[in-house]
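Open the model in your viewer and keep the selection tool at hand. The tour goes from one stop to the next.

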Amino acid sequence: MAALSPLAPFFSNVLLSSLRASNPRGLMVPPGVLLCALSTSPRSRTRRSNKELWWVAKKKPLAPVSAAKADAVLSSESSVYPRYPGYNRLLPCPQQNQPPRIEHLVVSEGGIVVDYISKALDLPSLFVADLIHFGAVHYALVCPKPPPSATAEQVRLFKEVTEPSVLQKRPSLKGKTVREAQKTFRISHANEFVEAGIYLRVHVHPKRFPRCYEVDWKSRIIAVAASYVVLDKPAATSVGGTTDNIEESCATFTSRALGLETPLRTTHQIDNCTEGCVVLAKTKEFCAIFHGMIREKQVKKLYLGLAAAPVPLGIISHYMRPVNIAPRLVSKDFIEGWHLCQLEVLECKEVPWPSSDVERRYNIEGCGWPSWSVAYECKINLLTGKTHQIRAQLAAIGAPLIGDSMYMPAVISEKANPLINPFGEYKKEYTSHEDKMAAVEEWISQYGKEPSAAIGLQASQISWDNGKCSYEAGVPWWRHGIA
């Protein structure tokens with residue numbers, strides 16, 4: 001999502017006042033709509049009858065309000081009203097994440113965004129202001145198209161608020177196509193004015209990163225140059241933040257540790273559960289330069305992996321399904337449209353399995369692997385840079401990374417029943433494409449738990465400019481406590 005800073009002129013109080021004066025009905029659209037299938041978890045339930053909207057916010061059903069006065073229609077994927085905890089402030093950071101709660105609104109009457117959301121969702125205004133500060137509130141000029149799973153009623157409401165005759169009355173849309181107006185941006189200030197008809201997406205339970213508050217960030221800085229910073233990223237942190245949380249990130253906390261007035265920019269990503277070298281840009285110009293070097297394959301990345309089984313030396317190749325859903329599916333066989341993934345295993349040596357004290361200190365998940373006697377430390381040259389590539393490829397050859405709750409349980413299950421992996425080496429033949437897709441969905445639904453802490457993976461070295469710029473991370477977590 002792109003951040004909007006400063007916000008576009010249509011959010012201006014002055015402009016809104018003049019528009020209302022010239023056309024008091026021009027900025028009004030039918031009442032708000034929430035599209036249930038856009039939600040990512042069960043939350044609230046909607047019923048509409050006799051032009052009355054019943055809606056549930058955080059704790060209990062509210063009294064019915066007329067359609068003319070309703071702020072939003074809330075919907076759910078569940079027939080059960082969820083019970084949400086009371087809301088206060090986002091800090092201090094909880095140790096456990098709450099179930100996702102994402103609310104979709106269409107503004108029915110212009111106003112200050114923090115006040116509007118607070119009223120529509122029955123949330124404390126300070127809590128909403130915190131959400132905005134975290135980057136958890138997004139907007140679009142026009143409500144996005146509902147997905148195929150939306151109900152007929154939701155589709156009808158969408159058509160109401162996007163009717164051409166309605167959109168034509170909104171001066172803020174002049175010169176924009178509907179597709180352009182449906183692009184989402186972050187709300188960056190709690191006191192911004194939002195006009196009627198604007199779509200809001202509110203991540204009420206943003207993903208949290210308590211590890212950020214436990215780290216001595218200055219001690220994790222490897223190098224500070226004129227145009228960039230190299231960080232030894234701790235596991236259980238995000239490099240640049242998530243869709244709903246840009247506050248609790250390596251970029252933010254490193255910027256503060258260095259006392260920088262301009263926040264650092266991300267140049268590349270490694271998984272939250274991975275530790276090691278990350279390059280953060282001080283300037284927009286270096287960010288563009290580094291992106292260019294990555295595209296031209298001028299940046300070399302070496303990883304250390306701690307696998308639960310031996311890994312063969314040499315180049316390992318797979319093809320990865322081009323779908324942005326975890327766990328990532330890979331196949332040893334070529335499949336049209338799938339992305340080639342290659343890594344080179346330079347070394348693989350037997351090492352002791354991490355002690356229980358070390359696993360406890362770093363919150364490593366056991367995942368049910370049967371043998372905890374020895375592990376295998378691998379040095380890996382990443383030849384292609386796909387999301388979860390090392391994790392998925394090592395799992396595909398039966399050597400998952402220690403602590404990887406997303407991929408290790410699947411390997412254990414496949415060892416017990418080799419036919420269950422729809423793209424595994426011993427995959428069964430399916431009678432139809434539909435049967436195979438059903439097997440894929442079943443596989444993904446069973447094995448998709450993202451690790452909450454560290455896994456056996458470190459971005460150990462990064463270099464560019466033919467090795468003139470080369471940096472190494474510190475000792476990986478699994479070597480701590482080894483004499």
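Predicted model: local features only at pLDDT ≥ 70, side-chain atom pairs only at ≥ 80, totals over all residues.

Trp-477 has a relative accessible area of 1%, so it counts as buried, the limit being under 20%.

Now show both side chains. A pair of aromatic rings is described by the distance of the centres and the angle of the planes. The ring centres of Trp-477 and Trp-478 are 5.6 Å apart and the planes stand at 90°, so this pair is edge-to-face.

The structure holds 15 aromatic pairs. For another of these, select Tyr-228 and Trp-464, an edge-to-face pair with 5.3 Å centre to centre and 70° between the planes. Tyr-228 lies in strand S12 (residues 228-233) and Trp-464 in strand S20 (residues 457-464), so look for distant parts of the chain, 236 residues apart. Are Tyr-228 and Trp-464 buried or exposed? Both are buried.

Next, select Phe-253 and Arg-256. The charged end of Arg-256 sits over the ring of Phe-253, 5.5 Å from the ring centre.

The last stop is the second largest pocket, with a volume of about 590 Å³. To find this pocket, select Ala-395, Ala-396, Ile-397, Glu-414 and Glu-425, which lie nearest its centre among the 29 lining residues. Which element gives the most to the lining? Helix H11 (408-416) does, with four residues. By class, the lining has 16 nonpolar, six polar and seven charged residues.

Terms used
Residues numbered from 1 in each chain as written. Heavy atoms only, no water. Phe/Tyr/Trp six-rings, centres within 6.5 Å; stacked < 30°, edge-to-face > 60°. Helix = DSSP H or I, 4+ residues; strand = E, 2+ residues; numbered from the N terminus. Buried < 20%, exposed > 50% of the residue type's maximum accessible area, 1.4 Å probe, protein only. Lys NZ or Arg CZ within 6 Å of the ring centre and 35° of its normal. 1 Å grid on protein atoms, 1.4 Å probe; cavity = no way out; pocket = protein on both sides within 12 Å on 5 of 7 lines; lining within 4 Å. Points joined across faces, edges and corners; volume = space filled by probe spheres on them. Nonpolar A, V, L, I, M, F, W, Y, C, P; charged D, E, K, R; others polar.
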